[in-house]
Amino acid sequence: MVAGTGGIIGGIIGYASTPAELTCSGCGPWNDFVHTPFTIIGGVIGAAAGSLVGLAIGSAGSQFKIEGKQAQFDLFANKFKNKVAFEKSK
C-alpha cells in the first residue's frame, strides 16, 4: 500500500519535473510522450522509497522475546515461517 502511494506520488513528481525545454505548448498528444519517461522513472523511484518506508514501519512494531527458551524460539520460528510463506503467496 505504501509502495503504491509512493509510486503514484513519484509519478506525479516525475511528470511535473520534465524539463521545460523538452516540452512544447500546442504539440497536442506528442507533449505527453515527452513526459512518459520522467513519469515512469519517478514512479519507480517513488515505489522503491515507499517499499522501504513500509518495510521500516512494518518491522518496527514486531518484537518477539525469546529470552533463551527453546519453546519461545520454536514459536517465533513457526510464526516467521508462516509469515514468509504467506508473503510469497501474494
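**Exercise 1.** State in which element Asp 32 lies, and determine whether Asp 32 is buried, partly exposed or exposed.

Solution. Step 1: Asp 32 lies in helix H2; helices (H or I, at least four residues) and strands (E, at least two) are DSSP runs, numbered from the N terminus. Step 2: buried means under 20% relative accessible area, exposed over 50%, and partly exposed in between, with a 1.4 Å probe and protein chains only. Step 3: Asp 32 has 42% relative accessibility, and therefore counts as partly exposed. Step 4: Tyr 15 is 17 residues away from Asp 32 in sequence, and the two C-alpha atoms are 9.2 Å apart in space.

A note on the source is needed here. This is a predicted model, in which local features need pLDDT of at least 70 and side-chain atom pairs count only at pLDDT 80 or more, while totals for chains, interfaces and linings use all residues. Residues are numbered from 1 along each chain as its sequence is written, and side-chain values use heavy atoms, with hydrogens and water left out.

**Exercise 2.** Describe the secondary structure of the protein and the confidence of the prediction.

Solution. Step 1: the protein has three helices and zero strands, which gives the pattern α-α-α along the sequence. Step 2: pLDDT is the predictor's confidence in each residue, from 0 to 100. Step 3: the average pLDDT of the protein is 77, and 74% of the residues score at least 70. Step 4: confidence is highest in H1, at a mean of 88, and lowest in helix H3 (residues 70-89), at 67.

**Exercise 3.** Locate Thr 18, classify its accessibility, and list its contacts.

Solution. Step 1: Thr 18 is placed in the loop between helix H1 (2-16) and helix H2 (30-60). Step 2: Thr 18 is buried, because its relative accessibility is 9%. Step 3: the side chain of Thr 18 reaches the backbone oxygen of Tyr 15 at 3.0 Å. Step 4: leaving aside residues up to four places away in sequence, Thr 18 touches Thr 23, Val 34, His 35 and Phe 38; a contact means heavy atoms within 4.5 Å.

**Exercise 4.** Where is Cys 24 found, and how far is its C-alpha atom from that of Val 34?

Solution. Step 1: Cys 24 belongs to the loop between H1 and H2. Step 2: Cys 24 has a relative accessible area of 33% and is therefore partly exposed. Step 3: Cys 24 and Val 34 are 10 residues apart along the chain, and 9.3 Å separates their C-alpha atoms.

**Exercise 5.** Compare the sequence separation of Val 44 and Gly 10 with their distance in space.

Solution. Step 1: Val 44 has its place in helix H2. Step 2: Val 44 is exposed, because its relative accessible area is 53%. Step 3: the sequence separation of Val 44 and Gly 10 is 34 residues, and their C-alpha atoms are 7.2 Å apart.

**Exercise 6.** Which residues form a nonpolar patch on the surface?

Solution. Step 1: the patch consists of Met 1, Val 2, Val 53 and Ile 57, with about 450 Å² of accessible area together. Step 2: Val 53 lies in helix H2 and counts as partly exposed, because its relative accessibility is 43%. Step 3: Ile 57 is also in helix H2 and, at 58% relative accessibility, counts as exposed. Step 4: Ile 57 and Val 2 are 55 residues apart along the chain, with 9.8 Å between their C-alpha atoms. Step 5: patches are made of residues with over 30% relative accessible area and no salt bridge; like charges are joined within 9 Å, and nonpolar side chains (Val, Leu, Ile, Met, Phe, Trp, Tyr) within 5 Å. A salt bridge is a side-chain nitrogen of Lys or Arg within 4 Å of a carboxyl oxygen of Asp or Glu. Accessible areas come from the Shrake-Rupley method with a 1.4 Å probe; for residues, only the protein chains shown count as cover.

Technical notes
Polar contact = N/O pair within 3.5 Å; in protein donor to acceptor, adjacent residues only side chain to side chain.
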